[in-house]
Number of protein chains: 2
Amino acid sequence: MPKLDLTSIPQTNATGYPAPFDAPVQGRNYRRLAPATGMERLRASHVVLEPGAWSSQRHWHREIDELLVMISGEAVLVEDDGESVVQAGDIVAWPAGKENGHHLQNRTDEPCVFVVAAAGQYDTDGGEYPDIDMVFEPDGYFRKDGTKYETDRIP
Amino acid sequence: MPKLDLTSIPQTNATGYPAPFDAPVQGRNYRRLAPATGMERLRASHVVLEPGAWSSQRHWHREIDELLVMISGEAVLVEDDGESVVQAGDIVAWPAGKENGHHLQNRTDEPCVFVVAAAGQYDTDGGEYPDIDMVFEPDGYFRKDGTKYETDRIP
């Protein structure tokens, strides 16, 4: 397979987050690369994060390793222990089970572009959002008291 | 974990390829990101490919998905059905089991830099090198008649 023709891969800003947690990711436009390429062991998304948008709510995964490669632009990585600026060529890794909520915020006036690759046990994965009343499990989003949100998760 | 400090991760050009197949990868300087970050489900390498160097011998994997993100510079992707130029921001995916030998050649006068992420069944992985008399299995490199090369594979 030659290099990917990204324009041929559908782009979406869909999210399963219940309101109001969906608002910060409206400017997260992503392409799923595994379905487009036939990969079944590795998942990846190509993401264009518009000014002001977040990559996700701050979260961590029990069973999934994540690796981010910034291609262009700049974003602020927010984690439990503070913030750092991520620029083109920078790499961030989040090993499964490390309970350190993370996300990127684009605080600039230009889009930033990155790829996130991920692998692990999707059928048993779950995790938490430390800043909001939400956790995730394979079958959806829940409040921390265990009651389910009425939206479908997009894994 | 904040963004990776690449300078703190050991860089090597080690290869297990037997001579003369090791010559084209002498200018492939790579850092293994999984051991440095605690990832156990996803593997990744940060690679600086010097002018003239190849990313590997042309190969394919039975059990491993591979995804490459070019960060800077330029290389030529060589596959069974021809060549294509890969530049900063380009992405290439090689799904497990697709018998399409692939590698990158840096034919420019400047280094190029990329990240390759990979996931799959490393304990049963193997594959072939279509251009040379070599195959790989978890326990090493072999000629196509099944006799083993006397080098240790670096998975």
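1. The radius of gyration is taken here over C-alpha atoms, and the globule rule used with it is 2.2 Å times the number of residues to the power 0.38. For the 155 residues of chain A, a compact globule would have a radius of gyration near 15 Å, and chain A, with its 15 Å, agrees with that value. Along its principal axes, the C-alpha trace of chain A spans about 45 × 35 × 25 Å.

2. A word on the basis of these values: this is a predicted model, in which local features need pLDDT of at least 70, side-chain atom pairs count only at pLDDT 80 or more, and totals for chains, interfaces and linings use all residues. Residues are numbered from 1 along each chain as its sequence is written, chains are lettered from A and ligands numbered from 1 in the order in which they are written, and side-chain values use heavy atoms, with hydrogens and water left out.

3. Chain A holds 1 helix and 12 strands, where helices (H or I, at least four residues) and strands (E, at least two) are DSSP runs numbered from the N terminus.

4. If we take the contacts in chain A with a separation of 6 or more, 61% of them are between residues 24 or more positions apart, contact meaning heavy atoms within 4.5 Å.

5. How do the two chains relate to each other? Chain A can be laid on chain B with an RMSD of 0.0 Å by a turn of 180° and a shift of 0.0 Å along the axis, and that is the relation of a two-fold axis. The superposition is by least squares on the C-alpha atoms of residues with pLDDT of at least 70 in both copies. Since 100% of the interface residues of chain A are also interface residues in chain B, the copies meet through the same surface.

6. His46(A) has its place in strand S2 (residues 43–49) of chain A, and with a relative accessible area of 6% this residue is buried. Not counting residues up to four places away in sequence, His46(A) touches several residues of chain A, including Leu6(A), Tyr30(A) and Phe114(A), and also Ile91(B).

7. Asn13(A), in the segment before S1 of chain A, counts as partly exposed at 28% relative accessibility. Although Asn13(A) and Arg28(A) are 15 residues apart in sequence, they are 5.5 Å apart in space, C-alpha to C-alpha. Leaving aside neighbours within four places in sequence, Asn13(A) is in contact with Val25(A), Gln26(A), Arg28(A), Asn29(A) and Tyr30(A).

8. Two prolines deserve a look at the backbone. Most peptide bonds are trans, but a cis peptide bond joins Ala19(A) and Pro20(A), with omega about 5°, and a cis peptide bond also joins Ala19(B) and Pro20(B), again with omega about 5°. Pro20(A) is in the segment before strand S1 (28–32) of chain A.

9. Pro130(B) lies in the loop between strand S10 (127–129) and strand S11 (134–137) of chain B, and is partly exposed, with a relative accessible area of 36%. The C-alpha atoms of Pro130(B) and Phe114(B), 16 residues apart along the chain, are separated by 23 Å.

Note on methods
Buried < 20%, exposed > 50% of the residue type's maximum accessible area, 1.4 Å probe, protein only.
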